[in-house]
Amino acid sequence: EITTRLVGSEMCIRDSFILGAFSINVINENGIKKILRNVNLLQHTIRNLCSEPSNISMANTIAFYSLISQTENVLIQKINDKELPLLTKDDFKNILRLQFSEEIDQQVKRQNSMSANNASKPVNRRYNEALKKIEALNI
């Protein structure tokens with residue numbers, strides 16, 4: 001019974017980390033590393049408490065946050081290769097948004113004398129092109 005509860009807890013925690021990413025406005029490499037460290041720590045803790053540790057896997061959550069530090073092309077390739085079947089199109093769009101979040105934020109801050117739209121046009125163009133590719137995919 002405890003194993004069943006732990007497996008259920010692991011699924012709940014896994015989903016919470018992915019759903020929680022929708023509330024992140026800006027994330028950098030250090031933030032990604034901290035989240036991944038926390039996910040790994042929770043995974044190991046749950047495995048230590050479980051009689052069947054091999055049943056505990058937060059691989060999707062780890063893949064989700066690891067993809068944020070990759071490029072949009074890597075993300076689209078992983079989607080095309082169907083490497084992350086448990087993630088939704090909205091999850092992929094959120095990964096893309098987070099990939100660009102720090103860059104857009106930095107551009108807006110640097111160009112505070114200009115409007116935010118002018119400051120981030122090159123980044124917005126790349127983001128919009130990648131977003132269109134994700135939208136066009138049959139997921």
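Analyst: What follows is a set of questions and answers about a predicted model.

User: What makes up the protein chain, in helices and strands?

Analyst: The protein chain has 7 helices and 0 strands. Read along the sequence, the pattern is α-α-α-α-α-α-α. Of its 139 residues, 35% count as buried. The chain exposes about 8400 Å², and carbon and sulfur atoms supply 51% of that area.

User: Why is H4 called roughly antiparallel to H5?

Analyst: Helix H4 covers residues 72-80 and helix H5 covers residues 89-110; they pack at an angle of about 165 degrees, with their axes 10 Å apart. Angles over 145 degrees count as roughly antiparallel, so H4 is roughly antiparallel to H5. The crossing of these two helices, H4 and H5, is right-handed.

User: Which residues make the contact between H4 and H5, and of what class are they?

Analyst: H4 contributes Glu-72, Leu-75 and Ile-79, while H5 contributes Phe-92, Ile-95, Leu-96, Gln-99 and Phe-100. By class, this contact of H4 with H5 has 6 nonpolar, 1 polar and 1 charged residues.

User: What makes H2 and H3 roughly antiparallel to each other?

Analyst: The axes of helix H2 (residues 29-49) and H3 cross at roughly 170 degrees and come within 10 Å. The cut-off for roughly antiparallel is an angle over 145 degrees, and H2 and H3 are therefore roughly antiparallel to each other. On the H2 side the contact is made by Ile-32, Ile-35, Leu-36, Val-39, Asn-40 and Gln-43. On the H3 side it is made by Ala-59, Thr-61, Ile-62, Tyr-65, Ser-66 and Ile-68. By class, the contact of H2 with H3 has 8 nonpolar, 4 polar and no charged residues.

User: At what angle do H3 and H5 pack, and which residues make the contact?

Analyst: Helix H3 (residues 59-68) and H5 pack at an angle of about 35 degrees, with their axes 8 Å apart. Phe-64, Leu-67 and Ile-68 of H3 meet Asp-91, Asn-94, Ile-95, Leu-98 and Gln-99 of H5. By class, the contact of H3 with H5 has 5 nonpolar, 2 polar and 1 charged residues.

User: How do you know whether Phe-17 counts as buried or exposed?

Analyst: Phe-17 is found in helix H1 (residues 2-20). Its relative accessibility is 19%. Buried means under 20%, so Phe-17 counts as buried. Leaving out residues up to four places away in sequence, Phe-17 touches Ile-35, Asn-38, Val-39, Leu-42, Met-58, Thr-61 and Tyr-65.

User: What separates the C-alpha atoms of Phe-17 and Thr-61?

Analyst: The C-alpha atoms of Phe-17 and Thr-61 are separated by 6.8 Å, and the two residues are 44 residues apart along the chain.

User: Is Thr-61 buried or exposed, and what does it touch?

Analyst: Thr-61 lies in helix H3. Its relative accessible area is 0%; the limit for buried is under 20%, and Thr-61 is therefore buried. Not counting residues up to four places away in sequence, Thr-61 touches Arg-14, Phe-17, Ile-18 and Val-39.

User: Where is Lys-82 found, and why is it called exposed?

Analyst: Lys-82 is found in the loop between H4 and H5. Exposed means over 50% relative accessible area; Lys-82 has 62%, so it is exposed.

User: What is the phi of Lys-82?

Analyst: Lys-82 has a positive phi of about 55 degrees, although it is not a glycine. Most residues other than glycine have a negative phi.

Terms used:
Residues numbered from 1 in each chain as written. Predicted model: local features only at pLDDT ≥ 70, side-chain atom pairs only at ≥ 80, totals over all residues. Heavy atoms only, no water. Axes fitted to C-alpha atoms, helices over the stretch in contact; angles between N-to-C directions. Helix = DSSP H or I, 4+ residues; strand = E, 2+ residues; numbered from the N terminus. Parallel < 35°, antiparallel > 145°, perpendicular 65-115°, else oblique. Left-handed = near helix turned anticlockwise from the far one by under 90°. Contact = heavy atoms within 4.5 Å. Nonpolar A, V, L, I, M, F, W, Y, C, P; charged D, E, K, R; others polar. Buried < 20%, exposed > 50% of the residue type's maximum accessible area, 1.4 Å probe, protein only. Areas by Shrake-Rupley, 256 points an atom, 1.4 Å probe, with all protein chains shown as cover.
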